[in-house]
Amino acid sequence: MNLILLGAPGAGKGTLASYLIEKMGIPSISTGNILREAIKNNTPLGQQAKGFMDAGQLVPDDLVINLLKERIAKRDCKSGFILDGFPRTIPQAEALDEIANIDCALLVDVPYEVIEKRMTGRRVCLRCGATYHVEANPPRIQGVCDICGDKLVIRSDDQPEVVKRRHETYHEQTEPLIGYYDAQGKLKRIDGTQGIRETEKLAVEALGL
């Protein structure tokens, strides 16, 4: 299955993707993680992306599409893949339709008030990309990654003022994808305000796994 996870920034798509990787046996592809790796390595692409991400803006299409094309062509995507964070706009969705057949777009539906609380409490590991939350999904040791032991940090785009700008950008540019995939008969919607385990259960039921 080629699956897209839709939802506002902070809706819990990354956490759900981690679960579905194990459940479905296919890789999750996060363009956000790809871009953050480029930023960490200070590549030309990373330098450009950092300016947009720090301002809470979406990274332009031409900085991510070629990376995505290369990624889904790899052998581990032969049986399918999960896209988290892409497409973000209708033009990206149209470009994606030209290189892959999307079977389902799963919308994790969460109100902004809930998202704001989630994102300001999020902590990430810059070394391995693991994500935690101080309340909903804390690490075993406060401030330390369970996986690699590196220090956890607050991403610049999880600051309250940036969270608000990111949500406004999502509403203007990304939310129309709900109608795009609904018109194709590929949209499924789940309530993302539940706990992590309940959201996973709802996703399994929606996808018929």
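I began with a rule for strands: two of them pair if DSSP finds at least two bridges between them. The strands (E, at least two residues) and helices (H or I, at least four) are DSSP runs, numbered from the N terminus.

Before looking further, I noted that this is a predicted model, where local features need pLDDT of at least 70, side-chain atom pairs count only at pLDDT 80 or more, and totals for chains, interfaces and linings use all residues. Residues are numbered from 1 along each chain as its sequence is written, and side-chain values use heavy atoms, leaving out hydrogens and water.

**Entry: the sheet.** I looked up strand β5 (residues 122-125) and found 3 bridges joining it to β6, with the two running antiparallel. In this pair, R123 stands opposite Y132 of β6. I then traced the open sheet of 3 strands, whose order is β6-β5-β7 with antiparallel pairing. Its edge strands, β6 (131-133) and β7 (152-153), each pair on one side only.

**Entry: the whole chain.** I counted 9 helices and 8 strands. The C-alpha atoms fill a box of roughly 40 × 40 × 35 Å along the principal axes. How many of the 209 residues count as buried? I got 44%, where buried means under 20% relative accessible area with a 1.4 Å probe, protein chains only.

**Entry: contacts.** I took a contact as heavy atoms within 4.5 Å. Among contacts between residues at least 6 apart in sequence, 68% join residues at least 24 apart.

Technical notes
Buried < 20%, exposed > 50% of the residue type's maximum accessible area, 1.4 Å probe, protein only.
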